[in-house]
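Student: Please take a close look at one chain and the surfaces at which its parts meet other parts. I would like the areas, the contacts and the residues involved, in one connected account.

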Amino acid sequence: MVEIICAGFGGQGVLTTGLIIAHSAMMLGKEVTWYPSYGSEMRGGTANCTVKISDGKIASPCTKKPDIVCALNAPAVDKFESSIKPSGYLFVNDSLVDPQRSYRSDIHVVRVPMSEIAIRLGNPKGANLVMLGAVAQHTGIFTLDELEEQVAHYFAKKGKVNPKNADCLRAGAML
Amino acid sequence: MAKELMKGNEALAEAAIRAGCRFYSGYPITPQTEILEYLSWRMDEVGGTFVQTESELAGVNMLLGAAAAGARALTSSAGPGFSLKQEGISYLVAADLPAVIIDVMRIGTGLGDIAQGQGDYWQLTRGGGHGDYHTIVLAPASVQENCDMMQVAFQLAEKYRHPVLVASDAAIGQMMEGVELPPMTEHDIDSYDWAVRGCLPGDSPRKIQNTYYTRPDYVEYLREKYASMEANEQRWESYMTEDADVVLVAYGISSRISREAVDMARAQGLKLGLIRPITLWPFPVKAFDACPKAKAFMTVEINILGQMVDDVKLAVSSRCPVGFHGSFFSLPEPEEIIEQAKSLMEKEGI
């Protein structure tokens, strides 16, 4: 069982990030659940979702001790860093978090200036894709190729084909 | 067949369409609004009728009209909105009309809150409106079951000419899981000899009204109807009950977590089992025959008062103690369920 929380500002693609992770894992034959924080969320407010990936049945769609946290902003780090299992992963969008910040020493912290990279690649809303590339590179829950295929599929279904999405994924995977 | 990743509410809505539902009337409320949102465009694609009504009352009463005309008709709500539908459900029962009503349960009394809950059990199983009646209540525990139960719900509604309720909750409604959608089926609106389809000269007129006014055998008819449901429609899943010292009883999302608690407890040498009611009414009393070693039962519910405890006591004829583990706002945790089971065993000297 792998338990993942994606968190950030509403509008950063937090729920989409979780959705792409869940869908990619499902296509690899895994059982998955995706559960959003829902209700009076709005653009600029906080949002998060929990994804669980397992070879067997999944009981609760929630978790209090994630293996992986994808934090797209500083409040997300504040809220979820302490809950990560020892030896787990914290992915941090360094563009929006104080560079002087200190982190737990018993977890893997992967710091990537995701927003800056996305802007530099001409895809300013693609910070979450840079994050996904980093997740593929470091955790091995899926390969970069598998992820690229799922991202292309997800946005094609929405009628938003953008070759720069793959650029963001690959940039995230190189760091 | 390839799996789709779908939200519980959307999968339920698509499954309703594929079960031949061609009429929906209802009003938005979290956490079930995706059902309306989905059907607002999907119903149009299949030539059905979608109405976002001005209130829940209008929603349930339009449902009654569509059911009277022979359509497979659906409405849905949650918490406060589901309360408003009770009068209409009582009228559907009185008029012998099949229809499906979804309650995506949320937490709390009054306005409560939008988190998952299981506090509508009494309202769902006791006949939440006026008069004396029951309705069959199905309780899905996954997005796949949200799909699979729609066809069953309509079939049972038509078999008994009676409304069927589906007790979902916010967790199942809001989460996404992989799902295999059922095949598309069609429902013939002209298939009933009782539906009101217009009356041309020479036709014998039909009338939908309270059967109390029309059936000389009203009392016997209803008693037999409910007795037949109780005899034939109990549905449940049992998990490791044969040798269990304490049997958990949980439905919906709580049943999944209780099953995990059973596995965790067994790894610690504690013999727990699980009965998962799939029908909340009729309550699956037959399931309790297959717990020969049980010394106590314990319900696991997302509410404060343990609404299912009385049904379990009746099912075991009070020969065993019946405990309760309740969580409020949050989902139950397997570790907490096990601790509660241990303290129940200690208290009862098991």
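Tutor: Between them, chain B and chain A bury about 1700 Å², with 64% of it on carbon and sulfur atoms; buried area here is the accessible area (1.4 Å probe) that two parts lose on being put together, summed over both. On the chain B side, the residues that lose the most area to chain A are Leu5(B), Gln174(B) and Met176(B), together 30% of what that side buries. The model is predicted, and local features need pLDDT of at least 70, side-chain atom pairs count only at pLDDT 80 or more, and totals for chains, interfaces and linings use all residues. Residues are numbered from 1 along each chain as its sequence is written, chains are lettered from A and ligands numbered from 1 in the order in which they are written, and side-chain values use heavy atoms, with hydrogens and water left out.

Chain B puts 23 residues into the contact and chain A puts in 20, contact meaning heavy atoms within 4.5 Å. Two salt bridges are counted between the chains (a side-chain nitrogen of Lys or Arg within 4 Å of a carboxyl oxygen of Asp or Glu). Glu333(B) and Lys64(A) form a salt bridge through their side chains, at 3.5 Å from N to O. Strand S1 (4-7), S6, H8, strand S9 (176-179) and helix H10 (252-267) of chain B supply at least two residues each to the side that touches chain A; helices (H or I, at least four residues) and strands (E, at least two) are DSSP runs, numbered from the N terminus. H10(B) gives the most, five residues.

The area buried between the two domains of chain B is about 2600 Å², of which carbon and sulfur atoms give 58%. Gln118(B), Tyr121(B) and Trp122(B) supply 30% of what domain 1 buries against domain 2, more than any other three residues.

Three salt bridges cross the domain interface of chain B. Asp311(B) and Arg126(B) meet in a salt bridge between their side chains, 2.9 Å from N to O. The polar contacts between the domains of chain B number 19 residue pairs, both at pLDDT 80 or more.

Thr279(B) lies in strand S13 (residues 279-281) of chain B. Thr279(B) counts as buried because its relative accessibility is 0%, the limit being under 20% relative accessible area, with exposed over 50% and partly exposed in between (1.4 Å probe, protein chains only). Its side chain reaches the backbone nitrogen of Arg235(B) at 2.9 Å and the backbone oxygen of Pro282(B) at 2.8 Å. Leaving aside neighbours within four places in sequence, the residues in contact with Thr279(B) include Ile136(B), Val137(B) and Leu138(B).

Definitions and conventions
A polar contact is a pair of N or O atoms within 3.5 Å; within protein, one must be able to donate a hydrogen and the other to accept it, and residues adjacent in sequence count only if both atoms are side-chain atoms.
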